[in-house]
Amino acid sequence: MVDILDAPPEFKKLKVPEEGQKVTVRDGKLVVPDEPIITYIEGDGIGPQIVNQARAVLDAAVEKAYGGKRRIVWWEAYAGGKAVKEYGELLPNDTVQAIRYTVLALKGPLTTPVGGGYRSLNVALRKKLDLYANIRPVQYFGQPAPSRYADKVNFVIFRENTEDLYAGIEWTYDSDEAKKLRKFLKDELGVELRPDSGIGIKPISIFGTKRLMRKALNYAIEYRRRTVTIMHKGNIMKYTEGAFRDWAYEVAVQEFRDHIVTEQELWEKYNGQLPDGKILVNDRIADNMLQQIITRPWDYDMIVAPNINGDYISDEANALVGGIGMAAGMNAGDFIALAEPVHGTAPKYAGKDVANPTAEILSGCLLLEYMGWKEASAMIKDAIRKAIAEKKVTQDLTRHMPGVEPLKASEYTNFLIEAIKGM
Ligand code: NAP
């Protein structure tokens, strides 16, 4: 776990805002003052546009929902291109420290070069802050969508963020490390690989799995979710993904006994009828599940997955309801939370005021909900539903609305703000 900073550290360049107060943790609970300081990072490409539009919408909703009694004090920190200009480096320590101090942050997408260059700054931030759960709700707001069952989609995906093949433990086929490993596998374990094999390692731990499942079940209880499905390919990868399933069930049965019923118990004890107020914990094999969320989305509610499965299923789930411009996410540790959209920097739209800011705005809603400011989040979601119903949307959505003229992103943002003011 990464410690939260109770007092501001020495910053190289940043200055803590004079207004507002810091979010703290007391008795294991987040304590949010009425004027919390929240760090934001604009990011690259379309990042500055969508982050600033999201901040404006969040501010309008907080003002309206709490009659001016609450407000967010935004504090800018830097990563990516803007950090290089300010600090001469991509991810300054100031930024990591600022988030450890404010506990909450909203971030735009950051560029990651493909195939070479530097490693992902997003992954670096998640690692440095130990943000082990990637929470991705997938919800339908009435937008044009390819699935005939889009209105039945309402999932929250909890994707493990620090382990599995994403941990980046891999070597090219001709590296010394791969040669050593092939030799070790052959000499010590009797496993022979082709001499031209690249090697990647897939670690999945008891610790990593259990803390993710614990977080997911606490969320299920708070948000009254009915089913938590463990997604795995444990029939083939028995000691990583199969173990993930077993350890996740262990948490459910040993730590949440009064709240949950397993699928086996559902049939043995309850004749297939989930008792009121209980959460069903079941598991599904990944490939089956990837097709079932298309054919029977109503069977799924919350999904807990190791990193790679979680990556695949969250993009697929978002495609069912109309695509990436609406796909929100939040990376969470024990307390620190960094909200960011699922999509990237969409460089071709940078500076053009056309990129859909909804994913960034909905990521902000996740922060509001995490802070307990659920009324403000609900207002924003209602405004998004209204914009879609009245076809006041950006070009990515009008593409599937014949005859509808797209709004610029700033016009769409203003529509949301006016809708919130009118509530
Ligand atoms: P991308 O930036 O997500 O863009 C792919 C396509 O998705 C765009 O061309 C556009 O589609 C659509 N799109 C994405 N965001 C949109 C929005 N807000 N509104 C409307 N359409 C949107 O993916 P990419 O091109 O693969 O990656 C670009 C860079 O972003 C890379 O450097 C990548 O590493 C980085 N990235 C960062 C993060 C992160 O910071 N968390 C996540 C993913 C990728 P159309 O062309 O169909 O209009």
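Where is aspartate 301 found? The loop between α9 (286-295) and β13 (302-305) holds this residue. The model is predicted. Points on it follow.

1. Aspartate 301. This residue is buried, because its relative accessible area is 12% and the cut-off for buried is under 20%. Its side chain makes a polar contact of 2.5 Å with the side chain of arginine 225. The side chain of aspartate 301 also reaches a backbone atom: the nitrogen of arginine 226, at 2.6 Å.

2. Valine 304. Strand β13 contains valine 304. Its relative accessible area is 0%, so valine 304 is buried. Along the chain, valine 304 and methionine 231 are 73 residues apart. Their C-alpha atoms are separated by 6.1 Å.

3. Aromatic pairs. How many aromatic pairs does a search of the whole structure find? The search finds seven. In one of them, phenylalanine 158 and tyrosine 219 have ring centres 5.3 Å apart. Their planes stand at 65 degrees, and the class edge-to-face needs over 60, so this pair is edge-to-face. The pair links distant parts of the chain. Phenylalanine 158 and tyrosine 219 are buried. Ring pairs also bring in Tyr223, giving a cluster of Phe158, Tyr219 and Tyr223.

4. Ligand shell. Which residues are closest to the ligand? They are Gly344, Ala346, Lys348, Tyr349 and Arg399, out of 21 residues that surround the ligand. By class, the shell has nine nonpolar, seven polar and five charged residues.

5. An N or O atom of the tyrosine 349 side chain is 2.4 Å from a ligand oxygen. For the side chain of arginine 399, the distance from an N or O atom to a ligand oxygen is 2.6 Å. Glutamate 340 faces a nitrogen atom of the ligand instead, with 3.3 Å to an N or O atom in its side chain. Taken alone, the ligand exposes 880 Å². The protein buries 70% of that area.

6. Domains. The protein chain is divided into three parts: domain 1 (1-133 + 329-423), domain 2 (146-163 + 208-320) and domain 3 (165-203). The C-alpha centres of domain 1 and domain 3 lie 39 Å apart.

7. Glutamate 192. Is glutamate 192 buried or exposed? Its relative accessibility is 63%, so glutamate 192 counts as exposed. The residue is found in the loop between α5 (176-189) and β9 (199-200). Arginine 182 is ten residues away along the chain, and the two C-alpha atoms are separated by 7.2 Å.

8. Positive phi. Most residues other than glycine have a negative phi. Aspartate 27 has a positive phi of about 50 degrees, although it is not a glycine. Aspartate 27 is placed in the loop between β1 (24-26) and β2 (29-31). Its relative accessible area is 76%, so aspartate 27 is exposed. Aspartate 353 also has a positive phi, of about 60 degrees, and is not a glycine. The loop between β15 (337-339) and α11 (358-371) holds aspartate 353.

Technical notes. Residues numbered from 1 in each chain as written. Predicted model: local features only at pLDDT ≥ 70, side-chain atom pairs only at ≥ 80, totals over all residues. Heavy atoms only, no water. Near = heavy atom within 4 Å. Polar contact = N/O pair within 3.5 Å; in protein donor to acceptor, adjacent residues only side chain to side chain. Areas by Shrake-Rupley, 256 points an atom, 1.4 Å probe, with all protein chains shown as cover. Nonpolar A, V, L, I, M, F, W, Y, C, P; charged D, E, K, R; others polar. Domains from an automatic or database assignment. Phe/Tyr/Trp six-rings, centres within 6.5 Å; stacked < 30°, edge-to-face > 60°. Helix = DSSP H or I, 4+ residues; strand = E, 2+ residues; numbered from the N terminus. Buried < 20%, exposed > 50% of the residue type's maximum accessible area, 1.4 Å probe, protein only.
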